[in-house]
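Let us walk through this structure one region at a time. Keep the 3D view open as you read.

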Amino acid sequence: MEKKKLYDLVGIACGLILLLVLIVSHVQANNSQKLDLPADAQTLTASADGKVGPVEVEVITSPSQIFKVRVVNHTETDGIGTNAVDALPNAIVEAQSLAVDSVSGATVTSDAIKNAVANAMTAGGIDPAAFGYEAPAAEEPAAETEAAPAAAEAAPAAEAAPAAAGTGYVPGTYTAEATGMGNVTVNVTVDENSITAVEIDGPGETPGIGLAAIEPLCEQVMAAQSAEIDGVTGATLTSNAVRTAVAAALAQAAGGAEPAAEEAAPAEEAPAAEEASAEEESAPAEEAAPAAAADGKVTATGTAQGIDGDVEVQVVADATTIYSVEVLKQNETPGIGSVAVEQLPGAIVAANTYDVDGVSGATVTSTAIRDAVKMALTSAGFDPAAYVAGAAPAAAEAAEPAAAEDKVYDVDVVVVGAGGAGMTAAITASDAGKNVLVLESQGMVGGNSVRSTGGMNAAPTEWQQANEFGETAGVESTLKKVANYPDNARIQELGAIVAEQWAAYQENPDGYFDSAELFQLDTLIGGGGMNDPALVKKLVENSESAIAFLDQLDPEIVLHNVAQFGGASVKRIHRPVDAEGKTLSVGAYVVPLLQQNLEKRGVELLLNTTATEILMDNGTAVGVVAETADGAKVTVNAASVVIASGGFGANNDMIASIRPELDGFITTNAPGIQGQGIQMAQAVGADTVDLEQIQLHPTVHVQDTSAVLITEGLRGDGAILVNQEGERFFDEVSTRDKVSAAEFEQTGGYAWLIVDSRMSDASNVIQGYISKGYAETGDSYEALAEAIGAPAEAFKATMEKWNACVEAKEDADFGRVSFANPLDQAPYYAIKVQPGVHHTMGGIRINDRAQVLDTEGNVIAGLFAAGEVTGGVHGNNRLGGNAVADFVIFGRIAGNSAAGVEEAAPAEEAAPVEEAAPAEEAAGGLYVPGTYTAEATGMGVVTVNVTVDANAITAVEIDGPGETPGIGLAAIEPLGEQVMAAQSAEIDGVTGATLTSNAVRTAVAAALAEAAA
């Protein structure tokens, strides 16, 4: 026991010694940090008056360097002055200057921090002027400037305005004006101690913004009993005008002026009163109101309506120059409006005017940004029309723009078009080790792909199995349609296979029914049997691996929610959802992530660069010629050319020349979809197919002359179409061409798409349509009928009849076989829709390796194409969900082909490999000893070297330089271990690295097949 106690004491002593060592080390470390400061460095404290009270700072500084600034005590306004407390100390240290910009909206607090730092320096014998500090100007007599008298006269009045009740008013009604978007007039009625009534009139304020703010601003004044009100978010100018006018009216009431409702305060006094009351009394009003800095610059904000809510900007300007524009708040469409948010502020500063060209394809957002900048300039007291090009900031005005410079690039692969197909091809070629350049004619990536709202068809997939099968009618309906194509051998062949599969499933209904053959059959029937069967087969056979490709490409790309779209027998379209399970628009979801992956690989992207010619050498494509927006010539020499520039749905002249009856139709296409890629390919001898097959989409909404695509997913999820008479007229989930044709036959050539709140609650897409003002609303069937101008009784009868069809799972009127939930949850919504040009099914003729074919059917060496620029995949009608599948699948194929990657067995064929994998042979000693090599395609080429003796695998080496860092590359070592442990290609694989796992299985199986005796 004595020994144990001794040991315990020794242990405690050792612990104390160790703790002492740590403390000494820490102290030494701190001392060493302190020793890094120069000998003349001092730690100083001082304070200055802030908005609410003193602001105290601690400063570590020498005469030549500021080491640290910290606010140690303050009582500034939370959310306003505290922003300056958080940001300004670091800004001063980083700039090594006290002449840093104040924090927008917190000028008084910012000045207090700078003044306190200067005071601390002065106390330590350091001249703050050495760090750019200018002492506040002493108050001088008003006569020094012409503007001073008015300001001086107004200031006392504003200071006399009572901040709260009980300070003594002269009873009566007092009137004052101030400027918002227009004149804002207030009538403030007071008794001796309080405000008893407020009336605000602002007929020139913006409808829905400033006008809508007037009532809550009245309520705020009454509640505050003061001009010190928070204001209304998004209505800054109107809020400021009300604060200013109320302060002026209360100044009259407190000063004993004669109540005179008909007399407005002198125009020049209102701004002065605003300045005084803001500066001295009201924290929110003062810090929101723009005020000129010593150099004449003013920071102001402005707001305008975007595509989905307000766009708010902050502008720094003086009377002649716009120095900066920043978008503070926006909810614009990712990949479309967000591009204008990124590009337009810089363009406005560079041009020194708000009136710049908008971003093509993002007109609404561009207009909102320009209008918001114009509002900010107005609120700062400047004339927006006075800003002209040439008065740009000094940094930008150094010289005249340089002449456009021609450029030459030498690369392995050039891709024309940065839509879904182009970016996928570029990523794939880059992962194969090639140097890739992408050209895009527009100022943003995405093309039509970013506008896709539905999802991606794929089958069969594990994600379909999460659904309960209830599409018997859909399968049987498709099988009946086979008889309509007696002369189409492929449809007849597939019909027979699917009939056998369906019979077997009915005998043993395990899981969700779908097959590659049914997917092909739906696509061929949907395309009127005009599709190229080889391309359809390639599309379908690679669809499951395409989902896996996206999974592995980026963990954020998750298309695992499965639903049904028009023309599909079963649930097959894979869609993105948010954290709450609400569906998202697939294009706006996927395209930005593809762009990020392009950037991660260092692939160079030239925007606003339009390809005009394919360079040829002895029948081989060897590059392209392009032109930039400023007229420069770009020559790209390349071993391979991929055309992925989209169709021609935005080129009305080209459409009219092929289909005159579609001349002038609205289009859902992006502005850059002009058909240049098709024309360039034709110029070098490429063949085309199905150019006359131009698809109309039946649910296009026209909003302010712009065409907006309403996703087909709504009908797949249970929406119906009614005409102006309030009646259904067709099977809503039939193919697009048939639904469009039926709409043309209705009154006015349009229809109303009907959904209920149960559908809208489950879909961010629908909620977006509602918030953007596309939908009419009703709390009952009768109310919605009134909103759309349809007969109430007829519409009510239609809805009740449809709900009965859903319950019975039978539509006797139009034969619809897809049912979801009844439309019986109020409120109800109706979106007016009509047919519009949506997709051009025809284009460049390719084979199943994405090689371009000439008019004789021969391959044009070095030339490849993918996406909507090609023809043959879709026949005379594209099914919803097949466009995204098309651009991912053929984009990958084109990228691999352009990179010279030999085609490997499809990843989905990895399962049958197990039959070829000689696991049982290994046990029987049937290998021929040696090392065997095989390849397969994952994200790039995966090569395996498998060494065997007579009875076992003795070593495995896997090389996959093109696999995704951190995902596929990280999986290589555990995959090798799995092969060694299993002594076979039959391995589990690595979760999240499906493509790499499949490639290893395939290649190992091939190597073992060679090794088998």
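A crossing of two helices is left-handed if the near helix is turned anticlockwise from the far one by less than a right angle, and right-handed if clockwise. Keep in mind that this is a predicted model. Now apply the rule to a pair of helices. H24 passes H25 in a right-handed crossing. H24 spans residues 781-788, and H25 spans residues 792-808. Their axes come within 8 Å and cross at roughly 125°. Angles of 65 to 115 degrees count as roughly perpendicular and those over 145 as roughly antiparallel. H24 is therefore oblique to H25.

Which residues make the contact between H24 and H25? H24 brings Tyr 781, Glu 782, Leu 784 and Ala 785. H25 brings Ala 792, Phe 795, Lys 796, Met 799, Glu 800 and Asn 803. Sorted by class, the contact has 6 nonpolar, 1 polar and 3 charged residues.

Next, turn to helix H14, residues 516-526. Of its 11 residues, 10 are buried, so H14 is largely enclosed by the rest of the structure. The buried ones are Ala 516, Leu 518, Phe 519, Gln 520, Leu 521, Asp 522, Thr 523, Leu 524, Ile 525 and Gly 526. What covers them? The cover includes strand E12 (456-457) and the helices H12 (472-481), H13 (489-507), H15 (533-541), H16 (543-553) and H26. Just after H14 comes Gly 528, with a positive phi of about 65°.

Take one of those covering elements, H12. H12 and H14 pack at an angle of about 60°, and their axes are 11 Å apart. That angle makes H12 oblique to H14. Here the crossing of H12 past H14 is left-handed. Val 475, Thr 478 and Lys 481 of H12 meet Leu 518, Leu 521, Asp 522 and Ile 525 of H14. This contact of H12 with H14 divides into 4 nonpolar, 1 polar and 2 charged residues.

Now look at the nonpolar cores. The largest has 119 residues. Which of its residues touch the most other members? They are Ile 643 and Ile 844. Helix H26 (residues 882-898) gives this core its largest share, 9 residues. Set aside the neighbours of Ile 643 within four places in sequence. Ile 643 is then in contact with Val 416, Ile 614, Gly 677, Met 680, Ile 844, Leu 863, Phe 864, Ala 865, Ala 866 and Val 869. Another core, of 39 residues, lies apart from the largest one. Its members include Phe 729, Ala 751, Ile 754 and Trp 802.

Finally, visit some loops. The peptide bond from Ala 459 to Pro 460 is cis, with omega near -15°. Pro 460 sits in the loop between E12 and H12. Ala 826 and Pro 827 are also joined by a cis peptide bond, with omega about 0°. The loop holding Pro 827 runs between H25 and strand E25 (828-840).

Two further loop residues have a positive phi without being glycine. Gln 96 has phi near 50° and lies between helix H2 (81-95) and helix H3 (107-123). Asn 352 has phi of about 60° and lies between helix H9 (337-351) and helix H10 (363-379). Are they buried or exposed? Gln 96 counts as partly exposed, at 28% relative accessibility. Asn 352 is buried, because its relative accessible area is 0%.

Methods:
Residues are numbered from 1 along each chain as its sequence is written. This is a predicted model: local features need pLDDT of at least 70, side-chain atom pairs count only at pLDDT 80 or more; totals for chains, interfaces and linings use all residues. Side-chain values use heavy atoms; hydrogens and water are left out. Axes are lines fitted to C-alpha atoms, for helices over the stretch in contact, and angles run from 0 to 180 degrees between N-to-C directions. Helices (H or I, at least four residues) and strands (E, at least two) are DSSP runs, numbered from the N terminus. Angles under 35 degrees count as roughly parallel, over 145 as roughly antiparallel, 65 to 115 as roughly perpendicular and the rest as oblique. Contact means heavy atoms within 4.5 Å. Ala, Val, Leu, Ile, Met, Phe, Trp, Tyr, Cys and Pro count as nonpolar, Asp, Glu, Lys and Arg as charged, and the others, Gly among them, as polar. A nonpolar core is a set of buried Ala, Val, Leu, Ile, Met, Phe, Trp, Tyr and Cys residues joined through side-chain atoms within 4.5 Å. Buried means under 20% relative accessible area, exposed over 50%, partly exposed in between (1.4 Å probe, protein chains only).
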